[in-house]
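Work through these exercises with the structure open. Each task is followed by a stepwise solution.

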2 protein chains.
Amino acid sequence: MAYRTTAARLDRDQSLRNRILACAHARVVDGGFAALTMQALAEDAGIATGSLYRHFGNKGELAAEVFARASQQEVDSLATVLRGDGSAAERLARGLRQFAARAWNSRRLAFALIAEPVDPEVDEQRLLYREAYAELFERLLEEGRDRGEFQVPSIPLTAACLVGAIAESLVGPLSPPARALREAGHRADDLDSVCDNLVTFCLRALGAGQPALEN
Amino acid sequence: MAYRTTAARLDRDQSLRNRILACAHARVVDGGFAALTMQALAEDAGIATGSLYRHFGNKGELAAEVFARASQQEVDSLATVLRGDGSAAERLARGLRQFAARAWNSRRLAFALIAEPVDPEVDEQRLLYREAYAELFERLLEEGRDRGEFQVPSIPLTAACLVGAIAESLVGPLSPPARALREAGHRADDLDSVCDNLVTFCLRALGAGQPALEN
């Protein structure tokens with residue numbers, strides 16, 4: 001009986017933990033990490049703030065886990081495209097367009113993941129995930145170099161340049177001030193121009209000749 | 001008399017504030033923002049921790065000011081080179097090499113400025129300073145485009161790509177783990193390969209033909 005009780009309790013704990021993370025994710029999707037306060041989250045999850053702290057030691061720890069889960073989805077999604085069919089340049093172009101479109105369609109979350117000022121625990125995760133992205137690009141660059149598609153002096157350094165260029169070119173268009181501009185009817189970048197610029201920039205940087213213009 | 005007393009006191013306050021900032025800067029140069037604790041800083045400056053809090057409300061505020069002062073020096077230094085003599089491509093290559101060399105020669109500080117996980121107040125400043133760098137590049141890109149040196153679809157988006165590529169390609173080589181690797185005799189990037197890679201990547205990305213290989 002003792003064992004079964006414990007197992008049932010662990011299940012309940014795990015299920016509550018997942019519910020908390022789902023509520024936390026929803027808060028970040030709506031209002032970024034700024035909207036992720038322990039009190040509001042406890043209300044969303046229908047538990048006492050004290051119970052929340054039994055599952056997550058502090059807000060930074062919780063934010064880091066929300067960040068890591070959301071980022072892992074992006075890494076996986078990009079990896080699928082980069083390992084797909086076509087030349088390395090085609091796959092890179094497709095991956096960049098998909099990455100930008102996913103960010104575009106969940107702008108507040110994407111800005112939160114890439115650049116929102118937040119607890120140092122999230123900054124730690126940002127460094128780790130930028131390495132995860134860099135590893136994906138390193139594999140693609142090796143393949144493209146072996147096929148004679150890319151000419152790059154250093155694969156790890158070039159992969160880092162790609163990661164930085166992609167992230168930074170999305171910060172401006174995704175940022176909350178950019179949204180305010182758009183809503184006020186002022187000039188703002190559209191997804192197509194962000195994608196075209198990024199694909200051109202990255203493929204040329206790799207010495208890949210004509211940019212692949214397909215979707 | 002009252003006026004003179006007040007003026008003398010303001011001078012003393014300003015001078016103490018500058019001394020605190022100089023001590024704080026020295027701590028970040030040596031050990032990054034991780035080494036910047038209010039207690040250790042008060043000891044360095046030879047004042048009580050309470051006095052420190054009269055000048056800076058909290059550590060985040062202090063760290064943000066250390067960040068902004070150090071970053072402004074880098075922006076100014078880059079601006080001088082980008083506005084110098086030669087073609088736009090030559091100036092960009094020279095600017096990139098100087099920026100990387102300055103980071104290389106003060107590695108711990110450069111890593112702290114670019115990527116060290118730290119208080120959200122510093123992240124806020126990072127966003128602002130990345131815009132300052134982007135503005136410098138925008139002016140250079142406009143000039144290079146007008147002279148027919150660069151072909152870029154969007155100047156603001158391309159400037160952001162440059163800022164991201166530069167920052168991210170330095171994170172790995174500057175990071176404390178990279179230093180440990182170098183000290184243990186393992187492969188690590190050297191300044192020349194970082195510079196060559198960065199210059200090639202950026203100039204090609206701008207459609208600038210042959211990279212300028214001068215220093």
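**Exercise 1. A stretch from a record**

What percentage of residues 37-56 of chain A is helix, what percentage is strand, and how far apart are the end C-alpha atoms?

Solution. 
- Note that this is a predicted model.
- Assign the secondary structure: residues 37-56 of chain A are 75% helix and 0% strand.
- Take the ends: their C-alpha atoms lie 12 Å apart.
- Check the record: an unreviewed UniProt entry places the feature "DNA-binding region" at residues 37-56 of chain A.

**Exercise 2. Chain A overall**

Describe the fold content and dimensions of chain A.

Solution. 
- Count elements: chain A has 10 helices and 0 strands.
- Read along the sequence: the pattern is α-α-α-α-α-α-α-α-α-α.
- Take the extent: the C-alpha trace of chain A spans about 65 × 50 × 25 Å along its principal axes.
- Work out burial: of the 215 residues in chain A, 53% are buried.
- Sort the contacts: among those in chain A between residues at least 6 apart in sequence, 71% join residues at least 24 apart.

**Exercise 3. The core**

Which residues touch the most other members of the largest nonpolar core?

Solution. 
- Recall the background: in soluble globular proteins, nonpolar side chains tend to be buried together.
- Size the core: the largest one holds 149 residues.
- Zoom in on Leu62(A), leaving out residues up to four places away in sequence: the residues touched are Ile20(A), Leu21(A), Ala24(A), Leu36(A), Met38(A), Leu41(A) and Phe56(A).

**Exercise 4. One glutamate**

Is Glu74(B) buried or exposed?

Solution. 
- Compare with the cut-off: buried means under 20% relative accessible area. Glu74(B) has 16%, so Glu74(B) is buried.
- Find the partners: not counting residues up to four places away in sequence, Glu74(B) touches Phe99(B), Arg102(B) and Tyr133(B).
- Link back: Phe99(B) and Tyr133(B) also take part in the contact of H5(B) with H7(B).

Methods:
Residues numbered from 1 in each chain as written. Chains lettered and ligands numbered in written order. Predicted model: local features only at pLDDT ≥ 70, side-chain atom pairs only at ≥ 80, totals over all residues. Heavy atoms only, no water. UniProt positions renumbered as here; feature names shortened; annotations may be inferred. Helix = DSSP H or I, 4+ residues; strand = E, 2+ residues; numbered from the N terminus. Core = buried A, V, L, I, M, F, W, Y, C linked by side-chain atoms within 4.5 Å. Buried < 20%, exposed > 50% of the residue type's maximum accessible area, 1.4 Å probe, protein only. Contact = heavy atoms within 4.5 Å.
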